[in-house]
Structure formats: C-alpha cells, structure tokens
Amino acid sequence: SRNTLYLLTTTHEFRRADLSAMTLSGPLIANVESFAQSDRSTVTYTTLTSEAKQRSVGYLTSGAAKPRVARTYTDETAAPAWFRTGTYYGQDYTVTAHGTTIEILRGDVPSSDATATPQSVQVAKYDCPSNVTYVDFSPVLDRFVVARCGNDVATYDLETRQLARATIPADQGKSVQWIDSFHWSSTASGSFDFYDFDGTKRQTVASGVSVLPATL
C-alpha cells in the first residue's frame, strides 16, 4: 500500500516500514539474499547459504507472525534458488527453481504461520540448459511461468500445459520485461524487439536504441 514499504538491510534482514507512523519493524526474516512481492499480501524470499551449506526459499504473508519455509537445499556451490507464488483462475500455484531445475505445483498457499501442511500436486517439472537466473509468473493473469537461463527463455502455459523455449540476445540473464499480459520485449541487441509470450514471432520495432527498459 502507499504506507507500507518492504526493505532489505545491508545486514540481510528483511523488514517492514510503516511510512505514515514512521516506524520500522524488527527483522521479519534473517539472512535474506533477495525477495519479491507476489501480490499485495505475499512476499517470497531466498536466503543466503548458511555455514551448514544450506539455504531455503519460502514466503511471508501480511500480518503473519513468521515466514514459511517452502524448500531447503544443501549444496556446496550455492546454486541459484527461487520461489514465487501466483493465482490463475482461482487456483494457487507455486514455482520453485534450483540450479537448472524448475518445478510448478498447484495447491493452497495458506498464511505463512498456519499450522496446517499445504496440500499440492505437481503440474510440471523441467530442466534448463544452464542455471536459472530469473523465474516468475507473468503479470496480471499469472498464466505463464517464465524462466531465464542465460540466453534461453522457457515459458510454461498453465492454461494449455505446454512448455515453449526460445533464445534471445544476451543481456546478462536479466528478467523478462513484460509489455502486457501476453507480450514481452528486449533491447539487449541494440534494437527494440517485441515477442509473443512464448518467445515466438519476434519483431524489431526500432533499431539503434539504448539498452534500457521500454513500455507500451
């Protein structure tokens, strides 16, 4: 909301600020590497690797007393780990990514401090040719799960249950820039390229452009 701000401190503490009251919460989650706001009430996060070579992904819902750990990984290489939540036609979905593997589940996403164990079923599981550098649901509808793996883009359609793959110009594995709910773009090649949701039908709208975000 206009009065609530989530922030990550330089000591990797996730906190919430109330701008109207000018107050700052204590650490809500510790040892956080990154976070994202899936909707107005849900924040997903990834932790740093601990001394025990473990890291976790999970979520925190607004008003909850504590976060919920969705997955814990043990590895020496600190492979990239991601977790996101979405809702498509009244169904809750989660997507986790670790290293090169992506898994999509359908099931309830309860409050993060709920005592009940969430029940879910696997929708899809697939691998990318390299480590996942970004994964999220498409905006507004949450219909597509899009992952970046280097120059490769993998798009899973929750409606048709189909996986599409495409290759786009190198841009250091940055996130896919959505133009609307069904199209995304890239300026990495020095041109403004326009794609369908699955990476097909690439069209160059303008050339000689700066490598900066674009909007429609």
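Strands here are DSSP runs of E with at least two residues, helices are runs of H or I with at least four, and both are numbered from the N terminus. What you see is a predicted model, where local features need pLDDT of at least 70, side-chain atom pairs count only at pLDDT 80 or more, and totals for chains, interfaces and linings use all residues. Residues are numbered from 1 along each chain as its sequence is written, and side-chain values use heavy atoms, with hydrogens and water left out.

Let me begin with threonine 155, which sits in strand β14. Is threonine 155 buried or exposed? Its relative accessible area is 2%, so threonine 155 is buried. The cut-offs are under 20% relative accessible area for buried, over 50% for exposed, and partly exposed in between, with a 1.4 Å probe and protein chains only. The side chain of threonine 155 reaches the backbone oxygen of phenylalanine 197 at 3.2 Å. Contact means heavy atoms within 4.5 Å. Beyond four places in sequence, the contacts of threonine 155 include Phe144, Val145, Gln162, Leu163 and Asp198.

Now the core. A nonpolar core is a set of buried Ala, Val, Leu, Ile, Met, Phe, Trp, Tyr and Cys residues joined through side-chain atoms within 4.5 Å. The largest one has 20 residues, and the members touching the most others are Ile102, Ile104, Tyr126, Val132, Val135, Val145 and Tyr156. Two or more residues each come from β8 (81-88), β9 (91-98), β10 (101-107), β11 (120-127), β12 (134-137), β13 (144-149) and β14 (152-157). Another core, of nine residues, lies apart from it, and Tyr134, Phe144, Val146 and Val176 are among its members.

Next, charges. Side chains of opposite charge can pair when their charged atoms come close. A salt bridge is a side-chain nitrogen of Lys or Arg within 4 Å of a carboxyl oxygen of Asp or Glu. How many salt bridges does that rule give? The count is seven.

One of them joins glutamate 33 to arginine 55, with the closest N and O atoms 2.9 Å apart. Glutamate 33 is in strand β4 (residues 32-39) and arginine 55 in strand β6 (residues 54-61), so the pair ties together parts 22 residues apart in sequence. Glutamate 33 is partly exposed at 38% relative accessible area, whereas arginine 55 is buried at 4%.

Arginine 143 and aspartate 157 also form a salt bridge, at 2.8 Å from N to O. Arginine 143 lies in the loop between β12 and β13 and aspartate 157 in strand β14, so this pair links parts 14 residues apart in sequence. Both arginine 143 and aspartate 157 are buried.

In the salt bridge between aspartate 196 and lysine 201, the closest N and O atoms are 3.9 Å apart. Aspartate 196 counts as buried at 17% relative accessibility, and lysine 201 as exposed at 62%.

Last, a loop residue. Phenylalanine 182 lies between β16 (177-178) and β17 (183-186). At 31% relative accessibility, phenylalanine 182 counts as partly exposed.

Note on methods. A polar contact is a pair of N or O atoms within 3.5 Å; within protein, one must be able to donate a hydrogen and the other to accept it, and residues adjacent in sequence count only if both atoms are side-chain atoms.
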